[in-house]
Amino acid sequence: MTSLNMIDIKGLNSYYKGRQVLFDVRFSIPGRQVTVIMGRSGCGKTTLLRHLIGLKPTAPGQIFIEGNDLGKFSGESMEAYRRRIGVLFQSGALFNSLSVSQNIAVPLKVHTRLPDETIGIMTLIKLNLVGLSDFGDYMPSQLSGGMRKRAGLARALAMDPEILFVDEPSSGLDPITAAGLDDLILELRDTLRMTIIVVTHELESAFKIADQMVVMDHGRLLASGTPEEIRNNRDETVVRFLEREADEQQAGTEKYLNRLLSR
Ligand SMILES: Nc1ncnc2c1ncn2[C@@H]1O[C@H](COP(=O)(O)OP(=O)(O)OP(=O)(O)O)[C@@H](O)[C@H]1O
């Protein structure tokens with residue numbers, strides 16, 4: 001028996017006010033692996049993510065979740081799907097007026113009727129998972145960028161999602177903190193066996209965490225495959241993308257190190 005993919009995207013097109021930004025995108029996301037969606041700024045990664053989490057209607061084109069057409073989900077099925085997914089947005093998207101613990105408790109309060117005591121315990125478990133056990137009472141403004149990302153991740157994990165979507169985990173973080181977040185993503189895949197979809201333009205991070213990669217360019221799928229297959233892809237546009245990103249990333253790391261050394 002062939003195993004079912006967690007998600008199949010078939011001929012997805014997308015528009016903002018009549019302007020087409022995704023063109024016939026098709027690929028599959030296997031379960032319990034890390035799939036990385038890569039591409040330069042503006043190529044449509046976040047838009048694709050918005051379709052995948054049901055924030056943008058899929059027609060024309062289809063997205064299947066374990067074989068079921070997302071576009072045909074009833075309100076109830078969509079609610080059930082949302083309970084199965086966790087999303088870490090680019091900014092971390094924490095509520096600034098709530099403490100870290102209160103932020104993590106939000107999905108549990110919205111989606112469950114669990115007593116406060118149970119929610120408190122579950123919140124602690126998630127804080128521990130992301131290495132923030134001592135920071136539950138802190139306000140988001142008191143945290144560093146990396147810690148805010150971790151807190152956002154803890155909130156995305158609050159409902160024990162089967163599928164985790166992460167938008168640009170490294171954005172705004174220094175390379176060392178970003179690497180720590182990559183390790184955490186791999187740990188979630190290995191220990192909790194989650195299906196993880198990461199959107200990024202950071203090459204080093206992408207090759208470190210991906211089981212499967214998808215490269216997008218101007219709203220089109222340029223290539224997909226294992227990291228090995230992408231690295232060996234001889235298509236001119238793919239090669240150019242990888243070389244240019246590597247140069248830019250190197251420049252970014254050098255800039256960071258120079259900044260550190262000049263302090
Ligand atoms: N809300 C919106 N309204 C109109 N156009 C949009 C909107 N969001 C994105 N776009 C456009 O859609 C295209 C794809 O944008 P998208 O944000 O999906 O790309 P991206 O690859 O995620 O970029 P980045 O890495 O900078 O976040 C871009 O041309 C962008 O200008």
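The structure is a predicted model. Its chain averages a pLDDT of 90.

**Ligand shell**

- The ligand is surrounded by Y16, V21, G39, S41, G42, C43, G44, K45, T46, T47 and H201.
- By class, the shell holds seven polar residues, three nonpolar and one charged.

**Helix 3 and helix 4**

- Helix 3 covers residues 100-111, and helix 4 covers residues 116-129.
- Their axes come within 9 Å and cross at roughly 120°.
- Angles of 65 to 115 degrees count as roughly perpendicular and those over 145 as roughly antiparallel, and helix 3 and helix 4 are therefore oblique to each other.
- The crossing of helix 3 past helix 4 is right-handed.
- On the helix 3 side, the contact involves S101, I104, A105, L108 and K109.
- These meet I119, M122, T123, K126 and L127 in helix 4.
- The contact of helix 3 with helix 4 has six nonpolar, two polar and two charged residues.

**Confidence**

- In the chain, 92% of the residues score a pLDDT of at least 70.
- For the complex, the predictor gives an ipTM of 0.96 and a pTM of 0.89.
- Where pLDDT is low, the predicted coordinates should not be read in detail.

Definitions and conventions: Residues numbered from 1 in each chain as written. Predicted model: local features only at pLDDT ≥ 70, side-chain atom pairs only at ≥ 80, totals over all residues. Near = placed C-beta within 6 Å. Nonpolar A, V, L, I, M, F, W, Y, C, P; charged D, E, K, R; others polar. Axes fitted to C-alpha atoms, helices over the stretch in contact; angles between N-to-C directions. Helix = DSSP H or I, 4+ residues; strand = E, 2+ residues; numbered from the N terminus. Parallel < 35°, antiparallel > 145°, perpendicular 65-115°, else oblique. Left-handed = near helix turned anticlockwise from the far one by under 90°. Contact = placed C-beta atoms within 7 Å. pLDDT = per-residue confidence, 0-100.
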